[in-house]
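Good morning, and thank you for coming.

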Amino acid sequence: MNSAAGSIIHILADLPIFLRKQMMQNRLKEFYEMSDDEKSEIINMALSAVPTIDPNKLSVLFKTWLELLSEFDAEKRGVMFQTYCMQILANPCSITKLDFKLLTTVFVSLDQVQRERLTDSLHEVLLNLPNRSKILKMIPEHSLKIVGLK
């Protein structure tokens, strides 16, 4: 299953931007129609596949994903971030291989409105998590500062 997620991610990264955006937007819309268990499974597969992706491809995909996610309403962004947080708490090892420097650089490359929407939603989710300190301890300080959590 992880190799399937990795293959899908590789295929998406190789697509021209207009096709990649459209496909990712459709996948995001489908995500919100899934059951909680299906959402969790998708997030687990993504977290497992991301460290296997070439950094250049990952940065392109991550930026597209963030841009698209910033276009959804706050409730949907919150669902996404909460699902990620819950999966990370359930499996803390899932983020140990993530390149936070790369992910943070991509985040900073977004426009101000996109960054604000995403950080507002992330802050709201983290404030409502009873064990948010566990997640915050897993994230490098530089990344926390960039998103206003430190």
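The axes of helices α2 and α4 come within 10 Å of each other and cross at roughly 55 degrees. An axis here is a line fitted to C-alpha atoms, for helices over the stretch in contact, and angles run from 0 to 180 degrees between N-to-C directions. The helices themselves are DSSP runs of H or I with at least four residues, numbered from the N terminus. With that angle, α2 is oblique to α4; angles under 35 degrees count as roughly parallel, over 145 as roughly antiparallel, 65 to 115 as roughly perpendicular, and the rest as oblique. The crossing of α2 and α4 is right-handed, which says that the near helix is turned clockwise from the far one by less than a right angle. On the α2 side the contact is made by I17, R20, K21, M24, Q25, L28 and Y32, and on the α4 side by V60, L61, T64, W65, E67, L68, L69 and E71. Contact means heavy atoms within 4.5 Å.

Before continuing, two remarks on the basis of these values. This is a predicted model, in which local features need pLDDT of at least 70 and side-chain atom pairs count only at pLDDT 80 or more, while totals for chains, interfaces and linings use all residues. Residues are numbered from 1 along each chain as its sequence is written, and side-chain values use heavy atoms, with hydrogens and water left out.

Let me take one residue from that interface. R20 is placed in helix α2, residues 17-33. Is R20 buried or exposed? R20 counts as buried, because its relative accessibility is 6%; buried means under 20% relative accessible area, exposed over 50%, and partly exposed in between, with a 1.4 Å probe and protein chains only. Apart from neighbours within four places in sequence, R20 is in contact with L12, A13, L15, V60, L61 and T64. For V60, the separation from R20 is 40 residues in sequence and 9.8 Å in space, C-alpha to C-alpha.

Next, α4 and α7. Their axes come within 9 Å and cross at roughly 75 degrees, so α4 is roughly perpendicular to α7. L66, E67, L69, S70 and E71 of α4 make this contact with Q114, R117 and L118 of α7.

The loop between α6 (100-108) and α7 holds L110. At 3% relative accessibility, L110 is buried. Setting aside residues up to four places away in sequence, L110 touches K63, L66, E67, R115 and L118.

A74, R77, G78, F81, Q82 and C85 of α5 meet R117, L118, S121, L122, V125 and L126 of α7.

Also in helix α5 is Q87. Q87 is buried, with a relative accessible area of 11%. Which residues does Q87 contact, leaving aside its neighbours within four places in sequence? They are S40, I43, N44, L47 and S94.

I turn now to the aromatic rings. How many aromatic pairs does a search of the whole structure find? It finds four. Rings of Phe, Tyr and Trp (its six-membered ring) pair if their centres lie within 6.5 Å; planes under 30 degrees apart count as stacked, over 60 as edge-to-face, and the rest as tilted. F31 and Y32 have ring centres 5.4 Å apart and planes at 85 degrees, so this pair is edge-to-face. Both F31 and Y32 are buried. W65 and Y84 form another edge-to-face pair, at 5.8 Å centre to centre and 65 degrees between the planes. This pair links distant parts of the chain, with W65 in helix α4 (residues 55-71) and Y84 in helix α5 (residues 74-90), 19 residues apart. W65 counts as buried, at 16% relative accessibility.

Ring pairs also link F31, Y32 and F72 into a cluster. The charged end of K39 sits over the ring of F31, 5.9 Å from its centre; the criterion is NZ of Lys or CZ of Arg within 6 Å of the ring centre and within 35 degrees of the ring normal.

Conventions: Helix = DSSP H or I, 4+ residues; strand = E, 2+ residues; numbered from the N terminus.
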